Amino acid sequence: MFQVRLLAPADQLGVLAFDEACRWLSPIHRLTDKDQVIKDINKLTATGRTDMGPAIERAYLALREAVADRKHMIVLTDGISH
């Protein structure tokens, strides 16, 4: 969570959670409320099976639409994708 604090308010960040399905905890947006994003991240729990493919595709499509010079995707998982 401390890495979120290092970002500037003009930076953009999104949090996409996945297990058997994927869902945005925090869609990609300018980082004006770091505390809320950290709360969203803290809601994550390890549940269900790991189906990483659809989540990566959804994140890729969102990043493709985002207006930014540099774009990064960080994937964290507690399991092996089936």
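Predicted model: local features only at pLDDT ≥ 70, side-chain atom pairs only at ≥ 80, totals over all residues.
Entry 1, confidence. I looked up the pLDDT values before anything else. The chain averages 91, and 98% of its residues score at least 70.

I noted a volume of about 1,600 Å³ for the largest pocket. Its lining consists of 45 residues, and the closest to the pocket centre are Leu 13, Gly 14, Val 15, Met 73 and Ile 74. I sorted the lining by class and found 27 nonpolar, 10 charged and 8 polar residues.

Which element gives the largest share of the lining of the largest pocket? I found that it is S1, with 7 residues. H1, S1 (12-18), S2 and H3 each supply at least two lining residues.

I located Ser 26 in strand S2, which covers residues 22-30. Is Ser 26 buried or exposed? Its relative accessibility is 5%, and buried means under 20%, so I recorded Ser 26 as buried. I listed its contacts next, leaving out residues up to four places away in sequence. Ser 26 touches Leu 13, Gly 14 and Val 15, and also Val 37 and Asp 40. Leu 13, Gly 14 and Val 15 were already in my notes, among the lining residues closest to the centre of the largest pocket.

Methods:
Residues numbered from 1 in each chain as written. Heavy atoms only, no water. Helix = DSSP H or I, 4+ residues; strand = E, 2+ residues; numbered from the N terminus. Buried < 20%, exposed > 50% of the residue type's maximum accessible area, 1.4 Å probe, protein only. Contact = heavy atoms within 4.5 Å. pLDDT = per-residue confidence, 0-100. 1 Å grid on protein atoms, 1.4 Å probe; cavity = no way out; pocket = protein on both sides within 12 Å on 5 of 7 lines; lining within 4 Å. Points joined across faces, edges and corners; volume = space filled by probe spheres on them. Nonpolar A, V, L, I, M, F, W, Y, C, P; charged D, E, K, R; others polar.
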